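Please consult the sequence and the structure shown below while reading.

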Amino acid sequence: MASSNTPKSPKAKKGEISTTQCKTKKKNRDIAKEENQKKKNKRPKLSNGNSKQPQEKGAEGSGEDVKTNVFPMNRIRTLIKGEGPDMRVSQEAVLTINKAVEKFLEQFTQDSYACCVQDRKKCLSYKHVANVVSKKMRYDFLSDFVPEKVKAEDALRERNAAGNGVFQKI
């Protein structure tokens, strides 16, 4: 019998990986890397449903800032309708109210944080917010909603000192 010169298919030894298996594993790794990259690039949605931050460029790259609202427009419209159901409010008015509320809250939190820094604290607490409301005339309208915390003993002492005691013995 004549021996043939055709090479026999090499059998993989134990522990060795064939070239097709190696290519498949490499392809799987590349796919996994792409998926991880997509997850990293995915941005969380804001409360108004947009995934773009206000500082980002427009989708076309036109260089204009994307306008996003901090509060949902429907919620603001609902709050306005709650005051008077027959009240008609334009979209521009709701947008202006949204922007005004955003600016007000930014300033309010900055003032409260400044009070926090004066106390040498790292986090903002009710005490700091109430202090700002009571000290600054600008926030005087909030005094009914954000009163300073007072101990019961101190409140009773002040009330008795003012002569508004409930029952006084004669």
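With which residue does R138 form a salt bridge? R138 forms a salt bridge with D111, and their closest N and O atoms are 3.9 Å apart. The pair links distant parts of the chain, since R138 sits in the loop between α4 and α5 and D111 in helix α3, 27 residues apart.

The model is predicted: local features need pLDDT of at least 70, side-chain atom pairs count only at pLDDT 80 or more, and totals for chains, interfaces and linings use all residues. Residues are numbered from 1 along each chain as its sequence is written, and side-chain values use heavy atoms, with hydrogens and water left out.

**Overall architecture**

- The protein chain contains five helices and zero strands, where helices (H or I, at least four residues) and strands (E, at least two) are DSSP runs numbered from the N terminus.
- Along the sequence, the pattern is α-α-α-α-α.
- Of the 170 residues in the protein chain, 14% are buried; buried means under 20% relative accessible area, exposed over 50%, and partly exposed in between, with a 1.4 Å probe and protein chains only.
- Helix α5 (residues 152–161) is hardly covered, the count of buried residues among its 10 residues being zero.
- G163 follows α5 and has a positive phi, near 85°.

**Nonpolar core**

- The largest nonpolar core has nine residues in all: F108, C115, V129, A130, V132, V133, Y139, L142 and V146.
- The elements that give two or more residues to this core are α3 (91–118) and α4 (126–135), and α4 gives the most, with four residues.
- A nonpolar core is defined here as a set of buried Ala, Val, Leu, Ile, Met, Phe, Trp, Tyr and Cys residues joined through side-chain atoms within 4.5 Å.
- In soluble globular proteins, nonpolar side chains tend to be buried together.
- The core residue C115 is placed in helix α3 and is buried, with a relative accessible area of 7%.
- C115 and K127 are 12 residues apart in sequence, and their C-alpha atoms are 9.4 Å apart in space.

**Salt bridges**

- A search of the whole structure finds five salt bridges, each being a side-chain nitrogen of Lys or Arg within 4 Å of a carboxyl oxygen of Asp or Glu.
- Salt bridges that share partners join D111, K136 and R138 into one network.
- K99 and E102 form a salt bridge through their side chains, at 3.7 Å from N to O.
- Both K99 and E102 lie in helix α3, three residues apart, which is about one turn of the helix.
- K99 is partly exposed, with a relative accessible area of 41%, whereas E102 is buried, at 17%.

**Surface patches**

- K25, K26, R29 and K33 form a positive surface patch.
- Patches are made of residues with over 30% relative accessible area and no salt bridge; like charges are joined within 9 Å, and nonpolar side chains (Val, Leu, Ile, Met, Phe, Trp, Tyr) within 5 Å.
- Lys and Arg count as positive and Asp and Glu as negative, while His and the chain ends are not counted; the place of a charge is taken as NZ of Lys, CZ of Arg, CG of Asp or CD of Glu.
- K33 lies in helix α1 (residues 19–41) and is exposed, with a relative accessible area of 59%.
- I97, V101 and L105 form a nonpolar patch on the surface, with about 190 Å² of accessible area together; accessible areas come from the Shrake-Rupley method with a 1.4 Å probe, and for residues only the protein chains shown count as cover.
- L105 lies in helix α3 and is partly exposed, with a relative accessible area of 34%.

**Helix α2**

- N74 lies in helix α2 (residues 73–83) and is exposed, with a relative accessible area of 60%.
- N74 and V94 are 20 residues apart in sequence and 8.9 Å apart in space, C-alpha to C-alpha.
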